Amino acid sequence: MGTYSTSGSPRLPSAGPLALLRRARLDEHLPVDRRLSRVYRIGAGLMGLALVVFGALGLTRNLGMFSTREDTIWGLYTNGALSWLSIVVGLLLFFGMVKGGNLASTLNMLLGVAFVLSGFVNLALLETGANVLNFGMQNVIFSFAAGLLLMSFGMYGRVSGRLPHDNPYWQARHPEARNGAPERQELAERRRKELSERKEFSERK
């Protein structure tokens, strides 16, 4: 049996890490869901645009697919392989921007983790023959920064210890609480009414 706070809202145990990826259906007709989806779309769109432009500029240079020359765009080293990879990831983010909702959030989170991991992997490959994407230290720093930014956009309104109970992700993790919401709301209203009547009675005395 669940425990309740003084306001009539349940105190439920926090969900495990896997619950962060549990799907929640966002209804963009609802204010909360629409605001969350807008943040996910903005994050995916901005990062996707930057990657597509970066990749397209690289292709206009006619760079070798796996060249390791000192070719830079926006201060970042690049080659043909990195240009094409940037365009593919950018288009994937555009897809998330168009779809919005839970898919955009999850895509931002997963690609954010991929960027961070890419930063660590390519940091280890610097100054080696396996550095096929022509990464430099500035690319590594950008990969970390882009990854953290994407993860922040994707986790917005989804990862927190105090999500409001009208949040779709909180409701997806606590279906038992969501199903009992009308009863709890009625109980809370009854308690407030009783307290108000007691206060009025004491004031009359």
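Student: Which residues of α4 are buried?

Tutor: The buried residues of α4 are N139, V140, S143, A146, G147, L150, M151 and G154. Buried means under 20% relative accessible area, exposed over 50%, and partly exposed in between, with a 1.4 Å probe and protein chains only. The model is a predicted one, in which local features need pLDDT of at least 70 and side-chain atom pairs count only at pLDDT 80 or more, while totals for chains, interfaces and linings use all residues. Residues are numbered from 1 along each chain as its sequence is written, and side-chain values use heavy atoms, with hydrogens and water left out.

Student: What makes the buried residues of α4 line one face of the helix?

Tutor: Seen down the axis of α4, the buried residues fall within an arc of 130°, so they line one face. The arc is that of the directions from the helix axis to the C-beta atoms. On the other side of α4, I141 and L148 are exposed.

Student: What is α4 by definition, and how does its span compare with the one expected?

Tutor: Helices are DSSP runs of H or I with at least four residues, strands are runs of E with at least two, and both are numbered from the N terminus. α4 has 19 residues. The expected span is 1.5 Å times one less than the number of residues. From first C-alpha to last, α4 reaches 27 Å, close to the 27 Å expected. For α2, with 20 residues, the reach is 29 Å, close to the expected 28 Å.

Student: What caps the N-terminal end of α2?

Tutor: N79 does, with a side-chain oxygen 3.2 Å from the backbone nitrogen of A81. A polar contact is a pair of N or O atoms within 3.5 Å; within protein, one must be able to donate a hydrogen and the other to accept it, and residues adjacent in sequence count only if both atoms are side-chain atoms. After α2 comes G100, with a positive phi near 65°.

Student: Which residues make up the largest nonpolar core?

Tutor: This core has 10 residues in all: A44, M47, L51, V89, L93, L107, L111, F115, A146 and L150. A nonpolar core is a set of buried Ala, Val, Leu, Ile, Met, Phe, Trp, Tyr and Cys residues joined through side-chain atoms within 4.5 Å. At least two of the core residues come from each of α1 (31–60), α2 (80–99), α3 (101–125) and α4 (137–155). Another core, of nine residues, lies apart from it and includes F54, A81, L82 and L133.

Student: Why is A104 called buried, and which residues does A104 contact beyond its neighbours within four places in sequence?

Tutor: A104 has a relative accessible area of 0%, so the residue counts as buried. A104 lies in helix α3. Leaving aside neighbours within four places in sequence, A104 is in contact with Y40 and G96, where contact means heavy atoms within 4.5 Å. The C-alpha atoms of A104 and V39 are separated by 9.4 Å, although the two residues are 65 apart along the chain.

Student: Why is the pair of F54 and W74 called tilted?

Tutor: Rings of Phe, Tyr and Trp (its six-membered ring) pair if their centres lie within 6.5 Å; planes under 30 degrees apart count as stacked, over 60 as edge-to-face and the rest as tilted. The ring centres of F54 and W74 are 6.0 Å apart and the planes stand at 45°, so the pair is tilted. F54 belongs to helix α1, and W74 to the loop between β3 (72–73) and β4 (76–77). F54 is buried at 6% relative accessibility, whereas W74 is exposed at 53%.

Student: What makes the pair of F120 and F144 edge-to-face?

Tutor: Their planes are 65° apart, and the distance is 4.9 Å centre to centre. The pair joins helix α3, which holds F120, to helix α4, which holds F144. F120 has a relative accessible area of 53% and is therefore exposed; F144, at 23%, counts as partly exposed.

Student: What is the phi of N62, and is N62 buried or exposed?

Tutor: N62 has a positive phi of about 55° although it is not a glycine. Most residues other than glycine have a negative phi. N62 has a relative accessible area of 66%, so the residue is exposed.
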